Amino acid sequence: MNKKILTNVTGSLVADDNNSITIGERGALTFDNHYAFEKLAHFNRERIPERVVHARGTGAYGVFTVTKSLKDKTIANFLQTVGQETQIFARFSTVGGGQDSSDYARDPRGFALKFYTNEGNYDMVGNNTPVFFLRDGINFPDFIHSQKKNPRTNMPDPAAMYEFWANHPQSLHQITILMSDRGIPASYRYMHGFSSHTFSFWNGQGKRIWFKWHFKTNQGIKNLTNEQAVATCPFGAQEDLVNAIEQGNFPSWTAKVQMMSEKEAKNYKINPFDLTKIWPHVDFPLIEVGQLELNRNVDNYFAETEQSCFSPGNLVPGIGASPDKMLQARLMAYPDAHRYRVGTNANQLPVNAAKCPVNHYQRDGKMAGICPVDGNQIQTGKVNFYPNSQINNGAPVPIPTVAEPPMPVEQDAWVKRYDTVEAEDYYQQAGDLFRLMSESQKSQLTTTIAEGLSQATTEVQQKMFAQFNRADSDYALRIKIIIKNL
């Protein structure tokens, strides 16, 4: 049996890994304890800053298989041929809690996919809900502050949550989903995933259409009540996904899209770029385009799941953004968070690195050259700027044929601040959802809301009652009665 010899980080052999060098048996350490100091110094730096949101996550690898060609809608390379397979990495997460928080918080779940396509990495960075609390990124830091622990007591603060929501009625639709019986998924295998945002496809003729992703779980929907969540292992969702894959019980989702033409978007009754609203399926039906399967766990949680970086700005030719205000903010905020949290060369880490050739003029920074296929890009003609005269020596050049068509302006527009608080109807879709619920679902929803809202001030309660009443009078009445009887 060949034994591996212990070394330090530079490969030098280690003679003793149990005892430091001291001045006598009872004496102090000496400064030639370079190996002991190396271990301690590295230990102090083992953690990187955790994500401000989506900190507690679980990752796995898998494959996306096309079941319907979209070549007439997009030039995206991985969506062209039925049966075409693309390797992916998925990360699921809670949103508000830290890395050691419970998998069973009443919280949206992150649903992020990294497609390692032949033309670059494409990230679908969504949630398990088709809408969100906000439609403008300027509100996001305030929203998260209201959902985190109280800055004075470091305790959960339902009063702050409802105070924010009371002053942001655009949250009502998402509140109705979050506080419903679907607010606590039983595991990551038993929930849907959505892009939530509107994105765009464009084809070889430069024609653009808007679309949304829907990933429907093939395992069926399962959720927990508040009581079940408290009684369940706090790391149960992670354990469930890891064990299922280890046992060969590979979870899968049916990938579907909704599509809307530019003409339809201009004339549709709701703003198609409002993240707080759905596109009704009766007008824009779901079209199956693929199957997603997870079939391999990570080998190193920190190196892969914790250091994985997703951004809605990681797009490929044929897929673009939209005028969605919240999406536009995320296009800046997500890659900026990764540069801070992991480093400027985070995309060279294996879990984030593209599986296709990468050629650019970016250089240096922390961890430069860690990706074997990158090498700090010194191979690209030995120049680090463009344009240059080294094209024939391997310097990369742009390719105009993949240029995105111009983004349409949806209206005659002036550049100014537009009201996103009261300017739209934030109540109809929340009321429609409430009216679709069974008696049991309505009871769970209103009880959960009442338990949190009861801790808010009278002023906040009155503002929330007004919102619930505009959605459906029965919605508001039920909550009032429950609070009165608490």
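Analyst: A helix here is a DSSP run of H or I with at least four residues, and a strand is a run of E with at least two; both are numbered from the N terminus. The model under discussion is predicted.

User: Which element gives the most to the lining of the largest pocket?

Analyst: Helix H9 does, with three residues. Strand E4 (120-127) and helix H9 (325-341) each supply at least two residues of that lining. The pocket holds about 1300 Å³ of space. It is lined by 42 residues, of which Gly120, Asn121, Val358, Asn359 and His360 are the closest to its centre.

User: How do you know the division of that lining by class?

Analyst: The lining of the largest pocket comprises 22 nonpolar, 16 polar and four charged residues.

User: What makes up the lining of the largest cavity?

Analyst: Gln170, His173, Thr276, Lys277, Asp425, Tyr426, Tyr427 and Gln429 line it. Two of these residues are nonpolar, four polar and two charged.

User: Why is the pair of Phe64 and Trp213 called edge-to-face?

Analyst: The ring centres of Phe64 and Trp213 are 6.4 Å apart, and the cut-off for a pair is 6.5 Å. Their planes stand at 85 degrees, whereas edge-to-face requires over 60; the pair is therefore edge-to-face. Phe64 belongs to strand E1 (residues 57-66) and Trp213 to strand E7 (residues 208-217), so the contact ties together parts that are 149 residues apart in sequence. Both Phe64 and Trp213 are buried.

User: What makes the pair of Phe92 and Phe111 tilted?

Analyst: The angle between the planes of Phe92 and Phe111 is 55 degrees, with 5.1 Å from centre to centre. An angle under 30 would count as stacked and one over 60 as edge-to-face, so the pair falls into the remaining class, tilted. Phe92 is in strand E2 (residues 85-94) and Phe111 in strand E3 (residues 109-117), so parts 19 residues apart in sequence are tied together. Phe92 and Phe111 are both buried. The whole structure contains 31 aromatic pairs.

User: Which residues touch the most other members of the largest nonpolar core?

Analyst: Trp213 and Phe215 do, within a core of 42 residues. Another core, of 35 residues, lies apart from it and includes Ile144, Tyr162, Ile449 and Ala456. In soluble globular proteins, nonpolar side chains tend to be buried together. Setting aside residues up to four places away in sequence, Trp213 touches, among others, Leu79, Tyr122, Met124, Phe194 and Val289.

User: Why does His54 count as buried?

Analyst: Its relative accessibility is 15%, and buried means under 20%; His54 therefore counts as buried. His54 lies in the loop between helix H1 (34-44) and E1. Although His54 is not a glycine, its phi is positive, at about 60 degrees.

User: How do you know whether Ser196 is buried or exposed?

Analyst: Ser196 has a relative accessible area of 8%, which is under the 20% limit, so Ser196 is buried. Its phi, near 65 degrees, is likewise positive in a residue other than glycine. Ser196 sits in the loop between strand E5 (193-194) and strand E6 (199-202).

Technical notes. Residues are numbered from 1 along each chain as its sequence is written. This is a predicted model: local features need pLDDT of at least 70, side-chain atom pairs count only at pLDDT 80 or more; totals for chains, interfaces and linings use all residues. Side-chain values use heavy atoms; hydrogens and water are left out. On a 1 Å grid over the protein atoms alone, a cavity is a set of points where a 1.4 Å probe fits but cannot get out, and a pocket is an open set with protein on both sides within 12 Å along at least five of seven lines; lining residues have an atom within 4 Å of a point. Grid points are joined across faces, edges and corners, and a volume is the space filled by probe spheres set on the points. Ala, Val, Leu, Ile, Met, Phe, Trp, Tyr, Cys and Pro count as nonpolar, Asp, Glu, Lys and Arg as charged, and the others, Gly among them, as polar. A nonpolar core is a set of buried Ala, Val, Leu, Ile, Met, Phe, Trp, Tyr and Cys residues joined through side-chain atoms within 4.5 Å. Buried means under 20% relative accessible area, exposed over 50%, partly exposed in between (1.4 Å probe, protein chains only). Contact means heavy atoms within 4.5 Å. Rings of Phe, Tyr and Trp (its six-membered ring) pair if their centres lie within 6.5 Å; planes under 30 degrees apart count as stacked, over 60 as edge-to-face and the rest as tilted.
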